[in-house]
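Please examine the sequence and the model shown here. The paragraphs below then lead through selected parts of it.

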Amino acid sequence: MSAAALRALHVPGDPLVLPNVWDAASARVVADAGFPAVATASHAVCEALGYAGGVGASADEVFDVVARVARAVDVPVTADVERGYGLPGAVLAERLAAAGAVGCNLEDSDPATGGLVGSWEQVALLRAVREADPELVINARVDVFLRGGEGGYDDAVARARAYLAAGADCVFPILLPVDLVARFVADVGGPVNVLHRPGDPTPAAVARWGVARVSLGPNLHRASMAHLAEVVAGVRAGGGLARR
């Protein structure tokens with residue numbers, strides 16, 4: 001499926017909703033439910049591969065999962081590839097294409113330290129990826145609210161604007177407080193992705209604030225594992241599976 005089809009789904013006020021997946025089976029469930037695109041979540045992929053805490057998977061392992069997801073569904077696939085696993089932008093774009101992904105998430109956290117990288121460093125990476133693949137749909141994650149950056153809201157807005165100028169199609173201020181979403185969308189002036197967590201306003205509710213994309217991140221995987229734990233505990237206690 002084409003990058004153009006994925007890009008066209010980013011409509012401010014009528015957002016693309018992505019229940020992020022972690023393997024081919026979960027991807028099929030999402031696509032079969034009628035969602036027009038599938039996105040992976042790196043934390044969930046790592047957990048599914050056996051890495052505690054959602055970190056530690058290698059680039060090869062992640063791209064193998066992305067390829068399996070892309071082969072399993074007939075809708076556009078966008079891959080969460082953290083900060084690119086240290087790959088040069090051109091190589092990263094090449095590997096995404098080889099895996100069948102037409103979009104990606106790139107975050108501005110240093111995986112080695114957990115801290116924010118300089119915005120100029122992230123701009124350079126985004127430009128390199130964009131130059132290597134003019135069609136790839138780039139979702140640039142802004143980690144200021146996750147990592148506690150010193151500049152706070154103003155830094156997040158500045159980073160978002162810089163990333164859009166560098167070629168990103170959408171910006172993702174992860175953990176942006178709900179009461180700041182409408183303001184952030186207005187101040188950035190471009191497509192914005194927000195994270196949906198348990199207890200947050202529904203994706204339909206946040207649409208009125210002008211967001212273009214809503215991601216569930218690792219939360220679908222967490223909910224699925226919690227349900228699995230309940231089912232297994234019931235069987236362990238002598239029960240059985242409910243009829244479906």
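This is a predicted model: local features need pLDDT of at least 70, side-chain atom pairs count only at pLDDT 80 or more; totals for chains, interfaces and linings use all residues.

Residues are numbered from 1 along each chain as its sequence is written, and side-chain values use heavy atoms, with hydrogens and water left out.

Three strands form an open sheet in the order β1-β8-β7, with parallel pairing; strands pair if DSSP finds at least two bridges between them. At the edges lie β1 (16-18) and β7 (193-195), each of which pairs on one side only. From one strand to the next, the twist averages 20 degrees. Strands are DSSP runs of E of at least two residues, and helices are runs of H or I of at least four, numbered from the N terminus. Strand β8 (residues 213-215) is joined to β1 by 3 bridges, and V214 in β8 is the bridge partner of V17.

Helix α6 (residues 119-132) contains Q122. This residue is buried, with a relative accessible area of 0%, where buried means under 20%, exposed over 50% and partly exposed in between (1.4 Å probe, protein chains only). Beyond residues up to four places away in sequence, Q122 touches R83, L106, E107, D108, V117 and Y163, contact meaning heavy atoms within 4.5 Å.

Helix α11 (residues 219-236) holds M225, which is partly exposed, with a relative accessible area of 38%.

Conventions:
Axes are lines fitted to C-alpha atoms, for helices over the stretch in contact, and angles run from 0 to 180 degrees between N-to-C directions.
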